[in-house]
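Dear colleague,

Please find below the structure for your records. My notes on the findings follow directly after it.

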Amino acid sequence: MMAFLKLLFRNRLAAMGAVVLSIIVLLVLLTPFLPLHDPDVTATADRFKRPFTDGHLLGTDHLGRDLLSRLLWGTRLSLAVGFAAAVIAAFIGSAIGITAGYFGGRIDNIFMRGVDMLMAFPYILLALAIVAALGPGLMNALIAVAAVNIPFFARNIRGITVGLAGREFIDAARLAGMGHTRIIVTELLPNVLPVIIIAMSTTVGWMILETAGLSFLGLGSQPPQADLGSMLGEARSALISHPHTSIVPGIMIFLIVMSINLLGDGVRDALDPRLRSGALSRPLPTTLVSRKQPVPDATDDLLAIQQLETQFHVGKRIYKAVGGVSLAVRPGECLGIIGESGSGKSVTALSVMGLVASPPGVITGGAVRFQGEDLVGASYETLRRKRGDRVAYIFQDPLSTLHPLYKIGDQLAEAIRSHHKLSRADARSRAIQLLKDVRIPNAESRVDDFPHEMSGGMRQRVGIAMALANDPDVIIADEPTTALDVTVQAQILSLLDDLRRDRGLAIIFITHDFGVVAQLCDRMAVMYAGRIVEEGPTDSVLRHPLHPYSKRLIECVPELGQGRRKLAAIPGLPPVVDDLPPGCAFAPRCPKAQSTCREGDVGLDRAGRRAVRCLYPEETLEVAAS
Amino acid sequence: MTALKVQNLAKTFATKKTLFRRSQGGVRAVCPVSFSVESGETLGVVGESGCGKSTLARMLVGLLEPSEGTIEINGKALDNADPAEFGKLIQYVFQDPNSSLNPRKNIRQIMESPLKRLHKMPRAERDARIREIFDSVNLREEFLERYPHEFSGGQAQRIGIARALAADPQIIILDEPVSALDVSVQAQVLNLLARLKAEFGLTYLFITHDLAVVEAVSDRIMVLYFGSVVEVGKAEKIFASPRHPYTKLLADSAPVVGRPLTAPEQKGTELPDPLNPPPGCAFAGRCPRATEHCRTIEPVLQSMGEDQFAACHHPIEAREG
């Protein structure tokens with residue numbers, strides 16, 4: 001709640017709206033206790049007195065009634081009617097929306113078509129018709145305004161409910177024995193409530209205007225009762241001769257509606273989770289760089305990640321996602337990076353081409369060298385030319401990386417044409433050739449498919465084809481087969497293996513699956529809490545893991561062909577990278593940990609092709625390396 | 001004793017009606033399947049995406065009404081699809097632990113509802129029971145006042161398991177309970193499930209796509225393809241000596257340390273179209289052993305000796321030993 005208010009008042013305009021609105025509401029609440037004239041007593045002798053005459057601060061109207069008194073009483077009435085209409089519309093509209101969204105099918109159809117019919121009439125016509133049927137009067141105006149606004153709530157809330165009703169916690173509630181009413185009230189409603197409040201806060205102002213409109217036409221409040229609309233209506237005839245009688249209620253309407261709308265927008269921005277998470281702040285085209293230490297010297301590797309440090313700065317917290325990672329690949333080599341979620345493996349991969357979202361991501365140290373050239377801190381244009389051309393990515397979910405509205409052939413052609421000058425026809429034939437390279441059957445006809453027309457395995461082939469489009473030197477594959485079925489995974493893996501042998505591609509393959517690493521990769525690195533804890537040739541690491549974490553992680557994973565058994569588990573949870581323990585990050589979960597493990601930094605010891613970051617490795621490094 | 005007996009259970013989803021056209025036919029998600037699970041047994045169900053395993057599971061707990069067929073629990077038929085009726089006998093653990101917990105309720109409210117609604121337990125008894133369950137799934141009691149977003153995946157899944165246990169069911173359907181978890185946490189949850197089963201005498205139906213996991217936890221395994229059971233057998237034998245070519249394809253595709261990388265299937269094959277299913281065996285289009293006979297006549301499940309059943313006209317010969 002405090003966080004919400006803080007967020008709300010950081011928005012200056014919303015704060016201003018809140019202040020104006022609270023002054024008005026306070027005045028209106030105090031109206032019965034203020035020493036005011038009776039708003040309805042006429043005194044024709046005093047008619048049309050100018051503002052600031054004694055006894056009448058805002059002057060008098062055409063019947064000599066005190067304008068200040070009428071204004072406050074009128075505002076009181078208008079606010080009450082507008083707010084009541086909003087509550088009624090929100091209640092009925094939300095009830096319709098939730099019921100339609102939850103039950104779906106026929107009920108949804110009937111309810112929503114009814115709402116559509118209500119929406120088909122121009123709102124003012126509908127309101128006039130309702131008032132005409134019920135007769136003029138403030139109460140009937142209230143009913144009309146509420147009815148006119150029901151569709152807005154019903155449609156809004158139905159949309160949200162449909163999304164929620166498919167969630168698993170609704171199924172869980174049914175299995176816990178709850179009936180439909182109870183599920184709607186106790187499971188759905190609390191999740192929909194913020195949306196209802198947002199919708200209300202943005203429409204109250206509108207409803208006050210509509211009520212005023214009806215009163216202005218003489219269909220709302222009846223004389224002598226004052227509300228803002230009828231005050232304007234009565235003052236209309238004296239608009240030229242005595243403008244103050246219409247300016248006074250006019251300014252009040254303006255102030256109320258403006259302050260409510262500003263506040264409503266502020267409430268929406270503060271409550272909406274998408275806006276709160278910073279979706280509106282567009283990330284920069286490249287990751288921010290602020291390196292304090294000197295940049296490491298160039299090496300002759302194809303792609304070398306050197307002492308890379310990437311952090312996320314969220315508020316006051318600093319998440320050290322990558323804490324000094326060094327890796328290198330040569331042409332034709334496949335390097336596997338293995339780790340659990342939060343180990344920093346994906347952030348390492350994205351840092352290579354400056355693709356980590358900034359804010360909040362910042363590269364705070366190290367270098368990434370492609371053929372000796374440092375890419376960290378390189379200009380956007382340099383990076384853009386290399387992205388997809390020299391270094392390409394394959395992501396986990398091809399459905400979310402392919403554009404749903406373009407044919408895959410066009411997307412492939414675009415990937416080629418953004419780096420090479422090529423005619424449309426040539427790009428298309430190259431796209432077909434690429435689809436053939438990734439063994440998509442009937443490439444000539446499938447080139448015109450949309451992503452949704454393909455199966456998951458086929459889509460991932462398109463993802464690979466796109467990565468191959470410009471004959472890159474390095475492909476970074478971030479869990480490319482995790483979302484696929486095993487039979488499809490086997491096909492994709494053998495495809496990648498063939499490609500790197502035929503084309504001399506270097507692949508950095510990120511995964512959590514030891515089986516995949518063992519089959520595809522020459523070398524592997526194990527990551528834990530943003531650092532590499534072990535590195536070496538795949539066979540050697542899998543057969544003789546040196547770090548207690550690698551050893552236990554391998555034991556955790558059930559392997560096919562061993563039958564039913566108890567699995568070895570690692571106790572505890574991986575650490576959160578904004579609060580890493582001193583010394584070895586694995587020490588709290590490690591059975592071999594000594595007090596020395598919890599002091600000081602543990603370095604990566606290297607011997608031959610093996611490396612390990614542990615004071616008490618499972619075997620001595622030199623033995624394993626030989 | 002047979003805990004769960006399913007006969008000819010099938011589900012067909014009607015295709016959408018358009019304004020001018022009546023719905024014609026529908027999508028066969030689950031073809032008639034029959035199987036039974038013994039009390040205290042773990043039956044593993046494997047299959048790839050789209051094979052109907054989740055539809056089957058949702059029918060078993062009453063979240064979906066079957067198009068045909070019957071479900072019997074402890075010899076008693078459950079014919080109305082009222083989840084509350086099913087809830088006391090059979091419970092469900094969801095794949096995504098975070099989406100299965102209502103974000104606006106604290107853990108105590110989540111744990112209380114099955115006790116209140118299904119067992120009408122008074123307050124004092126409820127508190128004692130929740131404490132007891134939390135103890136057995138290794139969760140601390142102070143978690144009860146917290147909200148779901150404060151938990152890691154592994155903890156949230158343990159809360160999901162605790163909620164299923166609270167209903168005091170005999171059978172628990174585990175729908176991919178560990179596939180959203182990290183490997184080090186996955187082993188913790190699997191071991192917990194094994195312990196709970198022994199402690200409470202539970203019967204499990206374990207649905208997953210991970211062959212290694214299903215082999216490690218199951219007594220028997222049922223392989224689904226395109227809505228039908230293609231093979232059932234003992235966990236230790238079914239992948240070691242598969243009789244159905246699809247089971248063999250699955251076993252050969254799983255990445256295993258120390259096995260060289262080969263594509264067991266060279267063709268770029270896709271699953272058959274559920275709107276327009278092929279006649280005969282659904283696997284025939286991908287099968288190296290398929291003949292004309294397979295493409296016309298649908299095979300039925302037949303005994304392949306020693307508790308192993310396969311639906312295939314040309315089964316793979318049993319391996320010696």
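In this predicted model, the axes of helix H6 (residues 138-165) and helix H8 (residues 180-216) of chain A come within 9 Å and cross at roughly 155 degrees. Because angles over 145 degrees count as roughly antiparallel, H6(A) and H8(A) are roughly antiparallel to each other. The crossing in which H6(A) passes H8(A) is right-handed. Residues that H6(A) brings to the contact include A:Ala141, A:Val145, A:Phe152, A:Phe153 and A:Ile160. By class, the contact of H6(A) with H8(A) has 16 nonpolar, seven polar and one charged residues.

A further helix of chain A, H15 (residues 408-417), is largely enclosed by the rest of the structure, because seven of its ten residues are buried. These buried residues are A:Ile408, A:Gly409, A:Gln411, A:Leu412, A:Ala413, A:Ala415 and A:Ile416. Their packing partners are helix H16 (424-437) and helix H18 (456-468) of chain A.

Turning to the interface between the chains, 64 residues of chain B are in contact with 55 residues of chain A. Several elements of chain B each supply at least two residues of the side that touches chain A, among them helix H3 (107-119), helix H5 (153-166), helix H6 (183-200) and strand S6 (90-93). H6(B) gives the most to this side of chain B, with seven residues. The residues of the side of chain B that touches chain A divide into 35 nonpolar, 18 polar and eleven charged.

Chain B itself is divided into domain 1 (1-9 + 29-218) and domain 2 (229-255 + 276-321). The C-alpha centres of these two domains of chain B lie 29 Å apart. Their contact takes seven residues from domain 1 of chain B and seven residues from domain 2 of chain B. On the side of domain 1 that touches domain 2, strand S2 (26-38) and helix H7 (211-217) of chain B each supply at least two residues. The largest share of that side, three residues, comes from H7(B). By class, the side of domain 1 of chain B that touches domain 2 of chain B has four nonpolar, two polar and one charged residues. H7 of chain B is also among the elements that each supply at least two residues of the side of chain B that touches chain A.

Yours sincerely

Conventions
Residues are numbered from 1 along each chain as its sequence is written. Chains are lettered from A and ligands numbered from 1 in the order in which they are written. This is a predicted model: local features need pLDDT of at least 70, side-chain atom pairs count only at pLDDT 80 or more; totals for chains, interfaces and linings use all residues. A residue is buried if 20 or more other C-beta atoms lie within 10 Å of its own, exposed if 12 or fewer, and partly exposed in between; C-beta atoms are placed from the backbone. Helices (H or I, at least four residues) and strands (E, at least two) are DSSP runs, numbered from the N terminus. Two residues are in contact if their C-beta atoms, placed from the backbone, lie within 7 Å. Domain bounds come from an automatic or database domain assignment. Ala, Val, Leu, Ile, Met, Phe, Trp, Tyr, Cys and Pro count as nonpolar, Asp, Glu, Lys and Arg as charged, and the others, Gly among them, as polar. Axes are lines fitted to C-alpha atoms, for helices over the stretch in contact, and angles run from 0 to 180 degrees between N-to-C directions. Angles under 35 degrees count as roughly parallel, over 145 as roughly antiparallel, 65 to 115 as roughly perpendicular and the rest as oblique. A crossing is left-handed if the near helix is turned anticlockwise from the far one by less than a right angle, and right-handed if clockwise.
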